Amino acid sequence: MTNALRLGIAGLGTVGTGVLDMLSTHAALLAERGGKPVSVTAVSARSKGKPRGNHDLSKLEWHDDPVALANSANIDVFIELIGGDEGPARKAVEAAIAAGKHVITANKALLAKHGTALARAAEAKGVALNYEAAVAGGIPAIKVVREGLAGNAPRKVFGIMNGTCNYILTKMGNEGRSFAEVLKEAQALGYAEADPTFDVGGFDTAHKLAVLTALTFGTEVNLDAITIEGIENVTLEDIRNAAQLGYKIKLLGVAVRHDSGIEQRVHPTLVPKGSPVSDTDGVFNAVVVEGDFAGDLLLEGRGAGAHPTASAVLSDIVDIARGNMRPAFGVPAASLKKYQRAPEQAHRGGFYVALQLHDKPGAVAAIASILAEEGISLESIVQRGKTDHSTERDTAQFILITHDTLEPSIRKAMGKIATGGFVADAPRVIRIARI
Ligand code: HSE
């Protein structure tokens, strides 16, 4: 009988326990698909005594230190589910590679910061660096881009890649509930990161985008080149305004390959209702890849939670059992191109602008002339009259939707509007994607 593939799991939180669930439920199936039995031989976690569902860990080798687990002679594959871009996760992954173990990781923060170096190290040692669970949870986006689209040179990849944010925006819109209340619910359901500012601040999406960009375009990973805005400042009112104008607000991660370089952005975005990603609600994620020969692909599924994420880890395990070895970022690490950042003007699109205008003669005319000076043309204008009855401020809310325009023009116009004495609050601006 073929020798079993021996797994060492570091981190037994939500995802780690999910992996144990799948391994016990599907032991026979996995052995058949991988061509050999797969079993956990050793584990490492912060607290040894903590109950972990029905799983009896007493017969497994236990390590308090994940680096010791990475060096254990009793594992072939090191599965890193600790998280964090430095500290124990990084040390343990580096140790595992140095010790000649295959590595599976769900750690997008680690890959976004050290992905290129880790890919080089893994290749030098002839071991796998698999990370299907790091991007969009249960959606096999990595495999689709690396293998299914191996013959394409995509120009764009984008998506909704944070389940927590999508859950919050969906619930706020559908149920009129506050940001804070829905965030608490997402944390209780196990969707959010240990520190939820990673989710709502857009950093988690940025980590995933950085990894997906490197894979899609064959470049070195570059997290620092991403322009990041989170959803903390999106209000219930913005969500309602957008809905009335035929849009939903989603946190998108977008990467585009221009002739001048690569543009990567993460920000709240108005997407037209009825477009494919606008129907991706709740904890669901969506990844869209525009293949130059395959055309557009939309992948949708659960982006967070124990079992969807564990499902991605399991696909990496089966790949290693089968002996499927591919370069981590689709091309040998030495061939990854240097990252070249596109100038910011490359971004062109529509904008949602919410202005709290002082209700006095000439205010609208002044706004219109500032927009005209910057060459910004409007698709629609809605005036809502007084909205703040509690303070009885003499203001009127103006919602503008612009035609496609260059981002610097909008920024310039908003600067003039903000300092011109026409508005009671800073203008609120959200980009529109007509997809
Ligand atoms: N916190 C992440 C999310 C988990 O909400 O999508 C999956 O990476």
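Buried means under 20% relative accessible area, exposed over 50%, and partly exposed in between (1.4 Å probe, protein chains only). Keep that handy for the tour. You have a predicted model open, where local features need pLDDT of at least 70, side-chain atom pairs count only at pLDDT 80 or more, and totals for chains, interfaces and linings use all residues. Residues are numbered from 1 along each chain as its sequence is written, and side-chain values use heavy atoms, with hydrogens and water left out.

Select K250 and D281 to begin. Their side chains form a salt bridge (2.7 Å, N to O); the term covers a side-chain nitrogen of Lys or Arg within 4 Å of a carboxyl oxygen of Asp or Glu. K250 sits in strand β9 (residues 247-258), and D281 in the loop between β10 (261-272) and β11 (284-291), 31 residues apart. Strands here are DSSP runs of E, at least two residues, and helices are runs of H or I, at least four, numbered from the N terminus. K250 is buried at 1% relative accessible area, while D281 is partly exposed at 25%.

Next, pick R431 and E229, another salt bridge (3.3 Å, N to O). R431 is buried at 5%; E229 is partly exposed at 31%.

For a contrast, go to D56 and K59, bridged at 4.0 Å, N to O. D56 is exposed at 53%, and K59 is exposed at 75%.

Last stop: show D85, E86, R90, E94 and K113, linked in a network of salt bridges. The whole structure holds 29 salt bridges.
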